[in-house]
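Open the model in your viewer and keep the sequence panel beside it. The tour below names what to select at each stop and says what is there.

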Amino acid sequence: MTFQMVLVLLVFVFICVSISSSKIPTELGCLASITVLWLAGILSTDEAWGNFVGNTVISMIGMIILGGALQKTSLLGMIANALTKMKGGDRVMVAAAMLFPFLMCQFTGSTVALIVCLPLLATMAETSHVPKARLILPAALGAQLGIGFFPIGMSTVLFLQKNEFLSNLGSTESMKIYDICLSRIPGAVIAMLFVILIGYKLLPKGDDVVIVEDARMESKLTSTLPKWKENAVYVIFVVAMVAMFFNDSLGLTAGQISVVAALAVVILGVMDGKDVTGGLIHSPIVMVACMLSLATALTNSGAADLISGAIGNLIGSASNMTVVVAAFFLICSILTQFMENGGLVNVLTPLAILACMNSGISALPVICALELSSITAIMTPMASGTAAAAFGAGKYSIKDAVKFGLPVVIIEMVVSVIWMPIYFGF
């Protein structure tokens with residue numbers, strides 16, 4: 001084992017620690033790690049920092065700005081009003097509680113989706129006489145399942161990130177813009193149906209929860225934009241999404257499309273400088289760019305071959321797609337209960353790609369399985385920001401969350417192990 005291999009592996013472990021520990025800011029840990037690899041000569045200047053101006057990151061920046069503009073419209077408020085008018089017993093209210101954050105996640109983060117949803121849950125509980133404690137945990141699940149579900153908004157660049165991982169690690173495979181969505185639909189839909197039909201019976205029955213009304217939450221559901229600006233945002237968003245699907249035919253990159261759309265909403269005055277910088281500060285851009293650079297370092301140092309061989313031995317050099325998908329789904333679904341899910345999937349994705357390359361099988365089903373398993377993070381308060389918000393608002397115990405969440409995870413795993421290899425033709 002060479003010095004370069006040892007150094008890259010130590011950096012990889014350090015990034016894992018920084019992601020799982022609140023004592024080290026994730027962005028700082030990632031930047032420091034890439035700097036060390038750059039100074040050691042394992043990464044060139046372009047390899048270390050080129051990802052910050054690559055197509056994936058540029059696309060992310062554009063979509064973050066466009067998503068922020070969409071949040072200023074009355075779209076979310078209209079969805080919320082429709083859901084709060086729903087009437088019925090536990091099943092109907094649990095379905096509505098999952099649906100709103102699930103839809104809202106297509107345009108914003110899961111934690112924000114849940115927090116904004118809390119006052120609506122209070123209204124729904126009051127009008128339906130269903131305890132609030134039976135609505136908050138399903139809402140958290142809906143928020144998690146909604147992350148990147150449809151190829152709109154930020155999710156349109158998720159496949160680009162996976163493709164860069166594949167390319168940087170020497171794979172010739174690539175994903176299409178709709179692959180992550182179509183591979184996840186059965187698992188997510190069946191899991192939600194289980195909750196509506198059976199799983200809601202596993203929710204705690206008590207109602208000692210007080211949801212505090214917050215004007216900041218309500219403000220996210222109302223629009224102060226003139227009608228013409230609001231309509232302009234809708235048009236820009238739809239045109240950008242359609243262009244993303246047909247970017248090859250148009251001869252444009254995803255980055256070009258997203259930046260043009262972002263500039264349009266800024267020029268119209270929908271987003272100002274404060275809005276733009278505020279959205280970018282809390283985004284995962286730094287972590288994504290650094291993890292792409294780390295993938296290159298793994299290849300350059302030879303550590304990629306070492307890791308792929310070790311993982312191959314661990315899973316028995318399995319060439320059976322079902323076994324590999326199941327193994328990574330299980331590993332990720334366990335770890336994500338204790339590590340921030342966004343960071344975890346960025347750590348496990350290159351490992352999964354290396355393992356698949358070593359076994360001579362496609363990495364695409366495994367990558368998609370990781371995406372779905374990483375969003376099952378609702379069983380401990382440290383699993384995700386969404387889980388922490390749910391535990392705080394619902395006063396749940398870990399036992400409550402595990403009782404409700406474990407069957408959901410098992411169902412998603414079984415469906416994914418069967419469906420994802422079939423979807424990708426294996």
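## Stop 1: a buried loop residue

Select T380, which counts as buried because its relative accessible area is 6%, under the 20% cut-off. This is a predicted model. T380 sits in the loop that runs between α20 (364-374) and α21 (385-394). Now show what surrounds T380: leaving aside residues up to four places away in sequence, it touches Q337, F338, A387 and F391.

## Stop 2: an exposed loop residue

Move along to K395, in the loop between α21 and α22 (398-423). Is K395 buried or exposed? K395 counts as exposed, because its relative accessibility is 56% and the cut-off is over 50%. Look at the backbone here as well: the phi of K395 is near 55 degrees, a positive value in a residue other than glycine. Most residues other than glycine have a negative phi.

## Stop 3: the whole chain

Zoom out and colour by secondary structure. The protein chain has 22 helices and zero strands. Of its 426 residues, 57% are buried. The chain exposes about 17,200 Å², and carbon and sulfur atoms supply 69% of that area.

## Stop 4: the largest nonpolar core

Select L37, L66, L121, L135 and L294. These residues touch the most other members of the largest nonpolar core, which has 139 residues. Helix α16 (residues 285-301) gives this core its largest share, 11 residues.

## Stop 5

Next, select helix α8 (residues 133-145). At 1.5 Å a residue, its 13 residues should span 18 Å, and the end C-alpha atoms are 19 Å apart, which agrees. Helix α8 is mostly covered, with 13 of its 13 residues buried.

Then go to helix α18 (residues 321-335). Its 15 residues should span 21 Å at 1.5 Å a residue, and the distance between the end C-alpha atoms, 21 Å, agrees with this. Which residues of α18 are buried? They are M321, V324, V325, A326, A327, F328, F329, C332 and S333. An α-helix has 3.6 residues a turn, so residues three or four places apart point the same way.

## Stop 6: cysteines

Show the cysteine side chains. How many disulfides does the structure hold? There are zero disulfides. C30 is in no disulfide, and the nearest cysteine sulfur, that of C290, is 5.0 Å away. C30 counts as buried because its relative accessibility is 0%. C356 is buried too, with a relative accessible area of 0%.

## Stop 7: a partly exposed residue in a helix

Finish at F245, in helix α12 (residues 227-245). F245 has a relative accessible area of 39%, so it is partly exposed; that class lies between the cut-offs of 20% and 50%. Then draw a distance from F245 to K176. The two residues are 69 residues apart along the chain, and their C-alpha atoms are separated by 9.2 Å.

Conventions:
Residues are numbered from 1 along each chain as its sequence is written. This is a predicted model: local features need pLDDT of at least 70, side-chain atom pairs count only at pLDDT 80 or more; totals for chains, interfaces and linings use all residues. Side-chain values use heavy atoms; hydrogens and water are left out. Helices (H or I, at least four residues) and strands (E, at least two) are DSSP runs, numbered from the N terminus. Buried means under 20% relative accessible area, exposed over 50%, partly exposed in between (1.4 Å probe, protein chains only). Contact means heavy atoms within 4.5 Å. A nonpolar core is a set of buried Ala, Val, Leu, Ile, Met, Phe, Trp, Tyr and Cys residues joined through side-chain atoms within 4.5 Å. The expected span of a helix is 1.5 Å times one less than its number of residues. A disulfide is a pair of cysteine sulfur atoms within 2.5 Å. Accessible areas come from the Shrake-Rupley method with a 1.4 Å probe; for residues, only the protein chains shown count as cover.
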